[in-house]
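Open the model in your viewer and follow the stops below in order. Each stop says what to select and what is there.

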Amino acid sequence: MLPTERLRRLEPARAQPEPRAAPSLPVDDDPGACSVPRGGHWRPGARWARSDRAAGDRAAVAAGAAALPLHQQPTMRELGRRSEAAEHPFKGRAHAPLAAPAAPLPIAPAAAPLILAAPVGNRQLIAAACPAALALGLAPGMAVTQARALVPGLDIRPADPAADRAVLDRLALHAVRHWTPTAAVSGDDGIWLDLTGVAHLHGGEERFCRRVIGLCRRLRLTARIAVAGTPGAAHALARFGGQPVVRIAGGKEAQALSPLPLASLRVPPDILSAASRFGLERVGDLLPMPRGPLARRLGLPALRRLDQALGRVAEPIVPVVPEEVPVATLRLLEPIGTAEAIEQVIRDLLALLVEQLREGGAGARALVLALERVDGSEQRLPIGTSRATRDAAHLARLFHLRIERIDPGSGIETMRLAATRTEPLGATALGTTLAGDDGPADLSTLVDQLAGRAGAEALFTVGAVESDVPERATARHGPLDAPPGWPAWTRPVRLLRRPEPLSNVLALLPDQPPRRFTWRGQAHAVVAGDGPERIHGEWWRRDGEVWAVRDYFRVEDDSGARFWLFRRGDGVDAATGDLSWYMHGMFG
Amino acid sequence: MSAVAGSHPEILSRLRESVADLCLRQAQAVPFGVAGIDGRLADGGLDGAALHEIAPAAPSLNDEAAATLFAAGIVARLAVAAGSRVLWVASRFDLYAPGLEQAGLPPGRVIFAEGRDDREVLALMEDGLRHAGLAAVIGEVRRADMTASRRLQLAADAGKTPALLARRWRRQGTCPLSELSAATTRWRIACAPSAPLPAPGVGRARWAVELVRQRGGNPFSLTVEACDDTGCLALPADAAHRAAAAVGAGARAA
């Protein structure tokens with residue numbers, strides 16, 4: 001079930017409106033205060049005409065109506081009080097809001113049955129099926145074509161065992177970090193947790209199981225848990241136990257396992273078929289049989305699995321080991337406070353850390369230096385690098401820029417350096433350098449150094465954005481990126497932050513550059529001009545830009561200054577702009 | 001030359017060293033590719049390990065844009081020649097990168113850095129120069145005194161990287177080039193009217209380029225056509241025909 005649930009997790013919760021129950025209006029059976037009952041016959045003393053019952057009913061209906069939300073409350077007419085004038089159905093109604101308010105609660109998607117297809121030889125077989133598909137009779141191992149014929153509208157997707165495995169790995173890592181030191185992935189869909197000695201930390205086994213199930217529910221996964229004395233028994237009970245939580249006491253494995261099918265013992269299918277030929281269906285069938293003949297008939301592996309499940313043979317769990325953060329720590333004999341001493345200790349720490357990084361084949365992307373002072377307070381000094389590195393000299397230079405930020409107080413007695421973020425980094429080839437033919441120098445060290453001085457966001461490259469509007473055509477990228485360039489339309493080298501309005505503009509409509517204009521209080525007489533380059537507004541961004549047009553002109557005045565101006569509007573259609581002129585940039 | 005005179009072989013070796021240094025400087029000089037400029041520069045081009053100052057002739061945005069493009073053209077040719085990147089440091093980033101690309105500086109060739117003030121801009125420039133992996137370093141500053149320019153000059157020499165200091169006007173009436181500086185060359189750039197075209201339109205931009213000071217050479221001024229999309233300048237067609245006369249005029253103007 002894990003693969004299908006993993007896919008369901010990826011897709012956003014489809015907000016389908018829940019079929020809402022229609023407000024239950026009181027049936028207009030009650031004559032109420034009407035003087036003439038149904039049918040027109042008058043029979044004093046009839047049960048329905050008794051005032052106490054009618055009053056009680058009416059009160060109940062009124063109370064029920066008042067309990068409904070305001071918009072669902074029935075009108076007077078629906079309540080049967082016909083003496084009131086009925087409202088006109090289309091009069092005075094507010095218009096429906098354009099966008100419906102977002103559904104407050106995620107509603108479980110009522111999606112099509114989902115199966116995952118995996119190629120086996122030349123055929124596509126079902127690798128996994130969601131509960132809805134299982135309920136329809138589709139089972140893993142069935143041919144996809146057959147499933148498609150059986151169930152129309154089936155959601156068929158390719159299976160991705162690697163991604164499923166990654167989810168399990170992450171879960172196992174979480175377990176190792178938070179629940180128990182011994183946890184491992186079991187099979188394709190399970191995790192083994194060794195609860196020995198840790199259950200009391202989580203408030204007992206039962207509470208722990210509840211918490212794990214709760215966590216999986218929040219992750220939108222369905223979990224089944226079995227707690228048993230042996231891994232084999234837990235494996236079998238979790239998959240074949242039929243309940244979300246199964247807990248059995250130690251030594252009761254044989255009793256708990258005997259009703260389960262033989263497949264729960266993790267034996268290969270050929271042994272299963274052999275056992276079925278001998279009429280052995282359940283685990284309980286194996287228990288009274290003598291071991292010698294059983295081993296001869298089913299083979300030793302089956303016997304070993306049985307022994308493992310019953311605890312006769314040990315089955316250790318090989319735990320997942322979380323990768324550790326490389327840390328170097330130096331405790332100083334005497335507290336230090338001078339910049340030179342701190343720098344020396346940083347160099348020693350870096351030498352230790354770089355050795356660890358080299359052994360692990362990793363390079364540091366982020367380092368944190370923690371300094372513990374004599375008074376017990378701790379100061380942290382983080383640095384980052386733009387590429388993975390284990391160059392001690394380079395890292396020392398980065399720390400050197402920050403040493404002045406250290407406040408040693410009355411002295412530093414412990415310094416700890418941790419590589420909080422690492423990336424794989426292999427050995428560097430020196431071949432080209434030895435041949436005397438250096439390629440372009442590595443700029444990442446420079447980028448780190450400059451970022452240490454001015455901040456990481458102060459370094460950037462500027463690349464193209466797919467927009468014709470000049471202000472929107474640029475975006476900042478990382479300093480070592482090589483973003484794409486722009487189309488070859490003539491553009492100025494300096495752009496004003498905001499276009500500045502021009503006054504006293506004299507220009508021929510619709511498509512001539514201005515003859516003269518005044519900008520920042522100075523009049524310019526234009527001697528030459530190019531244009532217009534028409535740029536339309538981006539209607540998908542704002543309503544105001546649907547019809548907007550800018551006509552850009554490149555003009556040169558009599559002193560040789562070259563400007564980039566634009567006029568709002570195309571000069572023909574008034575909806576495109578008000579024909580005002582703006583200065584936008586300077587050509588050299 | 002040191003004041004202490006030694007024996008004959010010592011003097012000879014010292015002379016040889018200085019001649020070798022001169023040859024090296026000429027070898028690492030970056031020519032403009034325009035005979036009218038290169039012929040009048042002492043090293044036959046801009047010194048590739050020294051500081052050069054470029055200032056607009058007037059405190060107008062147009063002259064600033066012209067000075068920026070002049071500098072951009074130089075570093076664009078340097079970046080292509082070195083196959084490396086250029087560091088462009090500014091305290092107020094108002095450059096428009098598409099315009100720079102049209103001077104030969106595509107986005108993959110420039111790293112921009114934004115300093116908080118002039119002091120930080122100068123510090124960033126110095127770091128970039130000493131790294132020696134860049135094709136060139138440009139900084140835009142308003143204030144740079146003798147000490148700052150001397151530091152930049154030393155850093156450029158240490159990193160063998162050309163440094164360009166694009167000066168901006170600080171206040172009306174005081175040219176930034178009136179301050180003392182250790183720069184090897186100091187340029188003043190202004191917009192000039194372009195040659196009228198036979199049809200309506202704007203011709204190729206022209207600049208009035210003035211070399212205010214250079215070490216080991218004479219100042220000169222001339223009008224050039226603005227850099228094209230590879231950063232190359234050109235002489236106006238009419239001036240190219242009168243190259244000999246222009247030299248004389250330049251010498252007089254100096």
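Exposed means over 50% relative accessible area and buried under 20%, with partly exposed in between (1.4 Å probe, protein chains only). Helices (H or I, at least four residues) and strands (E, at least two) are DSSP runs, numbered from the N terminus. This is a predicted model, in which local features need pLDDT of at least 70, side-chain atom pairs count only at pLDDT 80 or more, and totals for chains, interfaces and linings use all residues. Residues are numbered from 1 along each chain as its sequence is written, chains are lettered from A and ligands numbered from 1 in the order in which they are written, and side-chain values use heavy atoms, without hydrogens and water.

Now select A:Ile271, A:Ala274 and A:Ala275, the buried residues of H9(A), which spans residues 269-277. They lie on the same side of H9(A) because they cover an arc of only 100° around the axis. These buried residues pack against H11 and H12 of chain A, where contact means heavy atoms within 4.5 Å. After H9(A) comes A:Gly279, with a positive phi near 80°.

**Stop two: the neighbouring pair**

Select H11(A) (residues 291-298) and H12(A) (residues 300-310), whose axes come within 6 Å and cross at roughly 125°. Axes are lines fitted to C-alpha atoms, for helices over the stretch in contact, and angles run from 0 to 180 degrees between N-to-C directions. In H11(A), A:Arg291, A:Leu294, A:Ala295 and A:Leu298 meet A:Leu300, A:Ala302, A:Leu303 and A:Asp307 in H12(A).

Terms used: Arc of directions from axis to C-beta.
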